[in-house]
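Visitor: I have a structure on my screen and would like to learn how to read it. Could you walk me through it, feature by feature?

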Amino acid sequence: MTMRAGCIMNLKKTEQGSVNLTITDITQTSATLIVKPYKDPTVVLGDVGVVNEDNNRTYTGDTVILKGLKANTLYKYHAFAYYKNTEVKSTYKTFKTLGFGTSVNATITPTTLQCVTNRDMGTAQLKSEELTVNGTVYTESPLTITGLTPNTYYAIKYTVCSEDGGEETYTKTLYTPSLELTTLQPKCVSSTCAIVAASTNISDDETNVGFQWKKYDAPESLAPSEGYGAIYGGQIEGYLKKLQPTSFYNVRAFYKSAVGKYYYGDWITFDPSDFSYFEPTVHTYEATNVTYNSAKIKGYVLAGTDAIEEQGFEYWPTSGSNAKPMRVRADVKEDVSKVLATGQVMTVTLTDLKASTEYSCRAFVTTATGTTYGEVQTFTTQEDLTGIGDVVTTETVPTVIGYYNMRGHKYDAPQRGVNIVRYSDGTVKKIYVK
């Protein structure tokens, strides 16, 4: 980034003339200082230049480009000019090199915090970056922290350091809202199995949720059984098995924080012998970690009355240069790929996808009575920046025209992690910076 607005110094005048200083083109590591002497045409003008406030750095010339400066730092210079061996100085002018535009996009729920860090190094070279939440250091971005304590302050601090010694810190404090947890009436799918549920304002990313249950007439001193569930769209669900149809049961939802504190919904009483037929529950979450040839997909399945025979995902290209739009019905299998998975919460990483292509995906469950599908989610793969086109050999040494991260963002200098380097002769190379 370059700042074009100039800063004009006050003038120091003598009978022979005066000198003026303009500062422009300020970046993270450089600035341009323009010296403009004004004099009587009959007066002989000698050297002109600039001097820093400590008088230990002098640069001669009417245009001085300062390089190797420290980012996000104040500097102080004055201009000078000699008329008939008499030195004339301007007043000092202070300017500050650009910083890195550090910021953190943060979203907080009663139990989770999501952070995405942002920075623009400009002409500076990244040395290190550190993200802390309540003093704990994290290295990944985007970052998701679960197990938080409701009604608590969390302090975010993001510090970026450059190789030239520059440093910039962004801080933000967020407050986790109150927890909402309401146990719902269970759905008995057989005389020995029940689907239990609760409504909540806890994020889908939270895993420390579940249910406790015990027989209605069990002594109060008897600890309840406990199992974990999953969240989709503000509802926690779980599956209880091996219930006794001759007994009533109490059940309640819970959340357990990372420090081991429990939060509970109210107890709800139900009778397993009062059961009905229920279809399986199937949901599809939004895809994450999407690259030019891969994506992570996540689904949620819960058995109904019938046992699950097969579960997993279907996915297919819906648009892009390498695919034509298509509609897919449950009974149409053309151009649809299938991958199997296990667990109440299924996670699969799709590979060998086509770049710059929109895909659709959905979770599914197959039972003896048919197949049930979750929501259709779409995602678009990124542009492939690693491919190498035709290369024309010349005697000229190719120059770097840009550095790109895996998301296609361009930088003037390599960033920490994987970098895609494009050269003037059309070649591309992947490098890794620690």
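Visitor: What should I know about the model itself before going on?

Guide: This is a predicted model, where local features need pLDDT of at least 70 and side-chain atom pairs count only at pLDDT 80 or more, while totals for chains, interfaces and linings use all residues. Residues are numbered from 1 along each chain as its sequence is written, and side-chain values use heavy atoms, with hydrogens and water left out.

Visitor: Back to Asp384, then. Where is Asp384 found?

Guide: Asp384 is in the loop between strand 35 (377-380) and strand 36 (400-404). Helices (H or I, at least four residues) and strands (E, at least two) are DSSP runs, numbered from the N terminus. The C-alpha atoms of Asp384 and Asn293 are separated by 7.9 Å, although these residues are 91 apart along the chain.

Visitor: Is Asp384 buried or exposed, or something in between?

Guide: Buried means under 20% relative accessible area, exposed means over 50%, and partly exposed is in between (1.4 Å probe, protein chains only). Asp384 has 32%, so it counts as partly exposed.

Visitor: And what about the protein chain as a whole: how many strands does it have?

Guide: The protein chain has 39 strands and zero helices. Buried residues make up 44% of its 434 residues. Among contacts between residues at least 6 apart in sequence, 61% join residues at least 24 apart.

Visitor: How do I read strand pairing?

Guide: Two strands pair if DSSP finds at least two bridges between them. Take strand 20 (residues 194-200) and strand 24 (residues 235-240), which pair in the antiparallel sense over six bridges. Val196 stands opposite Gly238 in strand 24.

Visitor: Which other strand is joined to strand 24?

Guide: Strand 23 (residues 230-232) runs antiparallel to strand 24, with three bridges joining them. Ala230 has Glu237 as its bridge partner in strand 24. Strands 23 and 24 form a hairpin with two residues between them, and Gly233 in the turn has a positive phi of about 55°.

Visitor: What is the order of strands in the three-stranded open sheet?

Guide: The order is 28-29-32, and the pairing is antiparallel. At the edges are strand 28 (281-284) and strand 32 (345-350), each pairing on one side only. On average, neighbouring strands of this sheet are turned by 20° against each other, direction ignored. That angle relies on axes, which are lines fitted to C-alpha atoms (for helices over the stretch in contact), with angles running from 0 to 180 degrees between N-to-C directions. Strand 29 (residues 295-302) pairs with strand 32 over six bridges, and the bridge partner of Ala295 in strand 32 is Leu350.

Visitor: Now the rings. How do I describe an aromatic pair?

Guide: You give the distance of the centres and the angle of the planes. Rings of Phe, Tyr and Trp (its six-membered ring) pair if their centres lie within 6.5 Å; planes under 30 degrees apart count as stacked, over 60 as edge-to-face and the rest as tilted. The whole structure holds 11 aromatic pairs. In one of them, the rings of Tyr153 and Tyr175 have centres 4.6 Å apart and planes at 55°, so this pair is tilted. It links distant parts of the chain, with Tyr153 in strand 16 (residues 153-162) and Tyr175 in strand 17 (residues 167-175), 22 residues apart. Tyr153 is exposed at 58% relative accessible area, whereas Tyr175 is partly exposed at 38%.

Visitor: What would a stacked pair look like?

Guide: Look at Tyr262 and Tyr264, with 5.6 Å centre to centre and 5° between the planes. Tyr262 is partly exposed at 26%, and Tyr264 is partly exposed at 38%. Together with Tyr228 and Phe254, they form one aromatic cluster.

Visitor: Which charged end sits over the ring of Tyr264?

Guide: That of Arg252, 3.7 Å from the ring centre. A charge sits over a ring if NZ of Lys or CZ of Arg is within 6 Å of the ring centre and within 35 degrees of the ring normal. The charged end of Lys76 also sits over a ring, that of Tyr92, 5.6 Å from its centre.

Key. Contact means heavy atoms within 4.5 Å.
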